[in-house]
Amino acid sequence: MITVSEDEDDSDSSPLTFLRQPVHDSVLNINHDYRYLRMGYYVSAHAETFGMDVTPNCTEIMDAYRNPLLIEKARRNGMPTNGYRLVTRSNGDLDTPVMLLAVNPFTNNSMKIVRSSSRLAGMIKKMSMDARFPVSLHPVKGEVLEIVQMLGESTNSETSEFTRKFFEIFNIPICKLIVQIDDGNIILNHCEPAMMREVKWDIVSDRIHEIKQRA
Amino acid sequence: MRIACFVEAYNFNDKSEQLALLEFKSTAESMGHTFEFIFKDDITKVPEYDALFIRATTDPGNSAYIASRLAEQAGLPVIDDPHSIRTCSNKAILHDLFQKNNIPSPKSLLFTGDYSREALDDIFSTLGFPVVIKTPYTRFSSHVEKANTEQEFIKISKQFLRRSKILVIQEYIQSDFDWRVGILQNQVLYLCKYCIPRGGWKVKSKINGRNVWGDTVAVPRESISPELEKICISLSKCVGGGLYGLDVKETDEGYKVIEINDNPSLYKGYEDAVDTDIYEKIIDALVL
C-alpha cells in the first residue's frame, strides 16, 4: 500500500507526482478535501482507473459529499439520521427551526440554520440558486456540533465512537461532520471537507502508521 | 414496469429533444410499461420505480448523479449509471482510461500549470501546434479551445486553470466530421456523422460571434467499418454496459477516439433518422 498525501512526512508520493504515473499498488489517499474536480478526488480516480484498491474510492467520496446520498447510506447502515427533504422552493409547509444544506456543485461550508419561517423562502431561493439545484432540509432538534473525523478518530472525545463507526461505513479518511446531539443520541446531518488547520495531523500520522502496519 | 425518466425543464426547450422524449414515452407505453417524467423535486421518489432513464445533463456535481446513485443503491436498472457518469464526465479520467487500455486516440497530456521552459517544450515537442485545450468538464464543445501559438496556449490555459486543477492538452486533428457511434450494452445502436460547420473547427463552433452547430447525418449502423466497431466496443466495455456516444476521428493513420460520452444526445430526426428502433432498444435495456 502506498500513501499519497501533501504532507511530506507521511507520504510515499505527492498527488501531482502520483497523477503522472501508472499505479501498481493499493493506495491510501490522505487529503482534507476530496471534492469532485479537486486533487483529492483525482488521486482516487487515477488509482481506480488503473484497477487498484483505493481508500476512499470515488463512489465512497460521492456518497459522503452529496447530502441525500450520505443520509441514505447512513440509514441503510443503521446510523441515526432524523429525516430530510429535498426542495427547490418553499411551498409553505416547512417547519422551523431547520438546517439547510446546498446540494449543488459549487458550494462548500453551506450549512445554515433558519429559525424564523419568514426567512425560509428567501434562504431556499438563495441556496437553490433560484431553484436550479435542490436544498436538503433537516429538522433541528438538538445541539448542532461540527466535528473533524480523522481515520475514525475525533477531535471531540464524546463523539469518538460515532466517528469510528462513520469511518467504518463511509471510508473517508478526513472530513468534517455536522451532527446533532439529541437526547444523548448523535445524529448525522452532513459531511464536508475539513480545513487544513482543523485537522490534527499528528493523529492522522499515528493512524496511518497503524493502518500500514496492519496492511 | 414503471420507468422513471429523470429530466430538467431545459430538456423540453428544443423541439427535437422534446419529440424524442415523447417518443420514448409512447414507445415504452406501447410495450406495456409506464413512463413518467420526474424532476429534481422528485429525486427521493426514485426507489419507488422499477427502472431509471436519465435525460437531464449528467455530471457528478448535478442532481442527475444523485438520482442515478439512489437508483443503483435501490437495485434499479439505470441508464446512466453512476460509474459511467463519473468516468465519462471527466476528460482527465478518460485520458487515464485511454492510456491504460491502449485506446487509439490523439496524443494528449495532463497539464496542471507548470509553465517552465522545459515543461512547455515538452508539451509542444510531443503534440506540435496547434493544440486543443480542454477542461475536464467540457461538454457540447464548450470549454474547449484551440491554441495556435505558445502565447495563446498560456493565455487560454491560465484562464481555464482558474476553475480546474487539471487540463487535458491534446494534439489537434483536422477533420470535416466526427463519427458519432451510439453504443448500448456494448453493441452499436446508431451511427452518425457530426459535421464541423464551415469556418469552424469543432461540432459547435463560434463563427462571426455566433454559435453554429454542424449538420448531423445519420448512417445505417450496419455500415460501420469493422475496425471502428471493434475500437468502440472495446472502449465501451472499459466503462460499462450502458448507453454511450463515442466521438471518433477518421485519419490516414486510422481511427482516433476523441471521447466517450454517457447521456448522449438523442434528438428526433437526427440520431434516429435511419435506425428508428433505438427507442425500443433502450427501453428493452431498461426492463430486461
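The questions below concern the domains and helices of a predicted model.

Residues are numbered from 1 along each chain as its sequence is written, and chains are lettered from A and ligands numbered from 1 in the order in which they are written. In this predicted model local features need pLDDT of at least 70 and side-chain atom pairs count only at pLDDT 80 or more, while totals for chains, interfaces and linings use all residues.

Q: How far apart do the C-alpha centres of domain 2 of chain A and domain 3 of chain A lie?
A: Domain bounds here come from an automatic or database domain assignment. In chain A, domain 2 covers 63-78 + 141-198 and domain 3 covers 85-139. Their C-alpha centres are separated by 21 Å.

Q: Which element gives the largest share of the side of domain 2 of chain A that touches domain 3 of chain A?
A: Residues are in contact if their C-beta atoms, placed from the backbone, lie within 7 Å, and 10 residues of domain 2 of chain A are in contact with 11 residues of domain 3 of chain A. On the domain 2 side, α4 (67-76) and β11 (185-192) of chain A each supply at least two residues; helices (H or I, at least four residues) and strands (E, at least two) are DSSP runs numbered from the N terminus. The largest share, 3 residues, comes from β11(A).

Q: Why is helix α3 of chain A largely enclosed by the rest of the structure?
A: A residue is buried if 20 or more other C-beta atoms lie within 10 Å of its own, exposed if 12 or fewer, and partly exposed in between, with C-beta atoms placed from the backbone. In α3(A), the buried residues are A:C58, A:I61, A:M62, A:D63, A:A64 and A:Y65. The helix spans residues 58-65 and is largely enclosed because its buried residues number 6 of the 8.

Q: Are α2(A) and α4(B) roughly parallel or roughly antiparallel to each other?
A: Axes are lines fitted to C-alpha atoms, for helices over the stretch in contact, and angles run from 0 to 180 degrees between N-to-C directions. The axes of α2 (residues 39-49) of chain A and α4 (residues 91-100) of chain B come within 9 Å and cross at roughly 20°. Angles under 35 degrees count as roughly parallel, over 145 as roughly antiparallel, 65 to 115 as roughly perpendicular and the rest as oblique. The two helices are therefore roughly parallel.

Q: Which residues of α4(B) meet α2(A)?
A: From α2(A), the residues involved are A:Y42, A:A45, A:H46 and A:T49. Those they meet in α4(B) are B:A92, B:I93, B:D96, B:L97 and B:K100.

Terms used: Two residues are in contact if their C-beta atoms, placed from the backbone, lie within 7 Å.
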